[in-house]
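Please examine the sequence and the three-dimensional model shown below.

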Amino acid sequence: MGGTVKLIVLDRDGSLGQISEDFVRAPEDWVPQSGALEAVARLNQAGWRVVVASNQSGLGRGLFDMATLNAVHARMHKLLAGAGARVDAVFVCPHAPEDGCNCRKPEPGLLQQIGQRYGVALADIRAVGDSLNDVRAAATAGCQPHLLLCGLLSAHTGPDALPLPPLPDGTVVHADLAAFADFLLATDKV
């Protein structure tokens, strides 16, 4: 990749933070996944920039407002900093599913915005998430899709694991964000 930006686009809930059954509606509701903050720190130390792309339909549904979402992200940034990690930016789709926008994953709009903002070819972006919508958005945008089995698809791990549904071509599967970091740092040729 030479002098280009090394960029990872990370889903928030289920990948970096734990899933909340009833949305993350307040800062204290955001709890990091085990080992996720340290994984981001290791990626940052290796020269990777990390940004978050997250569907936040709770905004469009009126479940919380932008000030609350900003407070949630302030907590996330503070916890990341405490682990020596950094997320450069947070991109959100504020729309409800019925709005028909281009930025709600599995649509590619958020990833396209991120590629444009950072001047990175979509094919060079590693897009990481815990849902089929995350990897479908990555594949549709032309990014490199990475699926984590620690959030929405956690039933697909362990001795009683359910089989995975069909995944987009080229999807690489990891147990969690720490395993993704291990994989990427072992294969990073820069």
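What is the volume of the largest cavity? The largest cavity has a volume of about 50 Å³, where a cavity is a set of points, on a 1 Å grid over the protein atoms alone, at which a 1.4 Å probe fits but cannot get out. Volume here is the space filled by probe spheres set on the points, which are joined across faces, edges and corners. The model is predicted, local features need pLDDT of at least 70, side-chain atom pairs count only at pLDDT 80 or more, and totals for chains, interfaces and linings use all residues. Residues are numbered from 1 along each chain as its sequence is written, and side-chain values use heavy atoms, with hydrogens and water left out.

Lining residues, those with an atom within 4 Å of a point, include V9, L10, K105 and D134 for the largest cavity. Strand β4 (126–129), a DSSP run of E of at least two residues, gives the most to this lining, with three residues.

The largest pocket holds about 450 Å³ of space; a pocket is an open set with protein on both sides within 12 Å along at least five of seven lines. Among its 20 lining residues, D13, I19, F23, N55 and L152 are the closest to its centre.

D130 is situated in the loop between β4 and α5. D130 touches D13, I19 and L152, among others, a contact being heavy atoms within 4.5 Å.

Terms used:
Helix = DSSP H or I, 4+ residues; strand = E, 2+ residues; numbered from the N terminus. Lists of a residue's contacts leave out its neighbours within four places in sequence.
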